[in-house]
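Let's take a walk through this fold together, one piece at a time. Have a look at the model first, and then we'll start with the strands.

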Amino acid sequence: MKTIIAANWKMHKTRSEAAQTAASVATFLGKNPMQCSVLIFAPFTALGDVAEQTAPNLAFGAQNMYPADHGAYTGEISPDMILDCGCQWVLTGHSERRRIFREDDAFIGKKTAFALRNGLSVMLCIGETLEERRAGQLRAVLSRQLLGGFADPLLNDVQPDRLAVAYEPVWAIGTGVSAKPEDAMEAHGIIREELISRFGSKGQDLPILYGGSVKPENSEELLKLDNVNGLLVGGASLEAESFIRIIRIGSEYAS
């Protein structure tokens, strides 16, 4: 599987700002072929603008979607709308969607299956809170979220390159505190076991990304770990220079 270095810009960047950052990344990739795949999850308003930037191993995605083709869903966006912008991926299950917008495992599973059924590739985000970790619930939480997100039998036949999992310990998102190597390795080991349990041998081929206060300074340490097949980068991806530094490191560890 290819190492994936992904950016989640969340609610940042106007259209022109997003296009400029994406262009900088695309220009770099055009001049410096990397062994890793690069993926940028941009705000809805900028999807069409960023998707105009092309480079080898560069793709774009949306941060959310609604599981319907069309209808009276004010403020939502469908898979066809995302594809029409030139994007191929979508995030589901991000901790902010779970916590702020109260999305549960069943709804996240419905969104995941609908996105795949309608031509998008999906990165499912899972992760525990600090309270859950301290209570010894790490495996239970990760298993519940992963199996809920991947519950639909449709996923049995989905190609591995259309799926990815991002482990994001909630307590390390936007806090500046990254999980210790042993914490990340434990969680990624559990996720790999659950993927194999869910998908059989195909579970060995699904990439698992680490996300949670990723920055250039800790990227190499994280990518050295077993079952860490990439990084989902938040704040450090907002500036092209720091994101490109992480991409360079990711390429060195690409399999």
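Two strands count as paired here if DSSP finds at least two bridges between them. Keep in mind as you look around that this is a predicted model.

With that in hand, go to strand β2, residues 37–42. β2 pairs with strand β3 (residues 58–62) in the parallel sense, over five bridges. To find your place along that pairing, look for Val38, which stands opposite Leu58 in β3. β2 has another partner too: strand β1, residues 4–8, pairs with β2 in the parallel sense, again over five bridges. Here the landmark is Ile4, which sits opposite Ser37 in β2.

Now for α1 and its helical neighbour. Two packed helices are described by the angle between their axes and the distance between the axes. For α1 and helix α10 (residues 240–252), the angle is about 35° and the axes are 10 Å apart. The crossing of α1 past α10 is right-handed. On the α1 side, Thr21, Ser24, Val25, Phe28 and Leu29 meet Ala240, Phe243, Ile244, Ile247 and Arg248 of α10.

In soluble globular proteins, nonpolar side chains tend to be buried together. The largest nonpolar core here has 72 residues, and Tyr210 and Ile247 are the ones that touch the most other members. Setting aside neighbours within four places in sequence, Ile247 is in contact with Ile5, Val25, Phe28, Leu29, Met34, Cys36 and Val38. There is also a second, separate core of 13 residues, with Ala6, Leu39, Ala164 and Ala166 among them.

What about a couple of serines? Ser121 is found in strand β5, residues 121–126. Ser121 counts as buried because its relative accessibility is 9%, and the cut-off for buried is under 20%. Beyond its neighbours within four places in sequence, Ser121 is in contact with Gln88, Trp89, Val90, Leu116, Asp161 and Arg162.

Ser95 has its place in helix α4, residues 95–99. At 10% relative accessibility, Ser95 counts as buried. Leaving out neighbours within four places in sequence, Ser95 is in contact with Ile100, Val170 and Ile173.

Key:
Residues numbered from 1 in each chain as written. Predicted model: local features only at pLDDT ≥ 70, side-chain atom pairs only at ≥ 80, totals over all residues. Heavy atoms only, no water. Buried < 20%, exposed > 50% of the residue type's maximum accessible area, 1.4 Å probe, protein only. Helix = DSSP H or I, 4+ residues; strand = E, 2+ residues; numbered from the N terminus. Contact = heavy atoms within 4.5 Å. Core = buried A, V, L, I, M, F, W, Y, C linked by side-chain atoms within 4.5 Å. Axes fitted to C-alpha atoms, helices over the stretch in contact; angles between N-to-C directions. Left-handed = near helix turned anticlockwise from the far one by under 90°.
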